[in-house]
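Visitor: Hi, I've just opened this one and could use a quick tour. Can you help me read it?

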Amino acid sequence: MSLPLLGVKLKTLNQRVVSYEVPAEDDPVIYRLTDATDAADVDALIWAAYRQIFSEHLILESYRQPFLESQLRNRAISVQDFIRGLGKSEVYRDQVAAVNSNYRLVDLSFKRFLGRPTYSQQEQIAWSIILATQGLEGFIDALIESDEYQQNFGADIVPYQRRRRMARPFNLVNPRYSDYWRNKEMSLSGRSYYQVRYYTAGPLDKTVIRGAIPANFLSMARSLVVPTLESQRHVARATSSLVTVPSTALERDLPPTPVKPVAVALPYRYLPSQPTV
């Protein structure tokens, strides 16, 4: 039995405040399927959905979903169903969900599907319960079918980052490079070498530095056999036998080649031989 969504205290963020700004280049481009009049408009909408859901780092030819694209081009599904299919794809599961904790996955999914970050850790906990009890597909369905998604995007608009002001675009946030991923995947002897850089009060202690280095590092370094470099003399001696010097012994018996005088047209030949004064 799935647990209901816990109540979350709302927090005033940019997307919940009425906009009074002058239109600028940071304003998002809204892609609607009803506004697409030709194939080029549909292609632009599809790539906008890929950039929003998969982020700029995962736009590869092998990550495309041709079945979903074909259905959308034929108007067999709506933009909402296309976004739902991208969230349930193996690309999103392997490249986003599998490399993050549930809390960070909730925050990333909110940014990509709802166009805003989570209000607080309380909201991350509430939605992580949905993720743990219903799985990734149930979590994506809950986001797509939420009232917030329907009010802002509906069935025809590609999700976009709402009210971005002086902040990094959500689709440029790499899902892998976070504290959770670094401390989990790049650990050496139980301690990440990135954590050594966190110490700022005074010089680093030798014990802390050695904790980030494997215990068998020195023995591994000593076991390496470094080849010695030969001097230039030895190299020249080894390669001199490969050079062939042409023999001139046969050329001594040959008669010298006669050279006949040839009239040369000098550049000043147009001058008279005896100039007049």
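Visitor: What's the mean pLDDT of the protein?
Guide: The mean is 75, and 55% of the residues reach 70 or more. pLDDT is the predictor's confidence in each residue, from 0 to 100. This is a predicted model, so local features need pLDDT of at least 70 and side-chain atom pairs count only at 80 or more, while totals for chains, interfaces and linings use all residues. Residues are numbered from 1 along each chain as its sequence is written, and side-chain values use heavy atoms, with hydrogens and water left out.

Visitor: Where is confidence lowest, and where is it highest?
Guide: Lowest is strand β2 (residues 191-192), with a mean of 47, and highest is helix α3 (residues 79-87), at 95. Over residues 191-196 the pLDDT is below 50, yet that stretch has 17 contacts in the model beyond near neighbours in sequence. A contact means heavy atoms within 4.5 Å.

Visitor: Why care about low values?
Guide: Where pLDDT is low, the predicted coordinates should not be read in detail.

Visitor: OK, new topic. How many helices and strands are there?
Guide: The protein has 11 helices and two strands. These are DSSP runs numbered from the N terminus: H or I of at least four residues for helices, E of at least two for strands. In order, the elements go α-α-α-α-α-α-α-α-β-β-α-α-α.

Visitor: And how many aromatic pairs?
Guide: The count is eight. Rings of Phe, Tyr and Trp (its six-membered ring) pair if their centres lie within 6.5 Å; planes under 30 degrees apart are stacked, over 60 edge-to-face, and the rest tilted. Tyr-50 and Phe-54 make a tilted pair, 5.7 Å centre to centre with 35° between the planes.

Visitor: How are Phe-110 and Trp-127 arranged?
Guide: They pair edge-to-face, 5.3 Å centre to centre with 80° between the planes. Phe-110 is in helix α5 (residues 102-114) and Trp-127 in helix α6 (residues 121-144), 17 residues apart, so the pair links distant parts of the chain.

Visitor: Why do Phe-110 and Trp-127 count as buried?
Guide: Phe-110 counts as buried because its relative accessibility is 1%. Trp-127 does because its value is 9%.

Terms used:
Buried means under 20% relative accessible area, exposed over 50%, partly exposed in between (1.4 Å probe, protein chains only).
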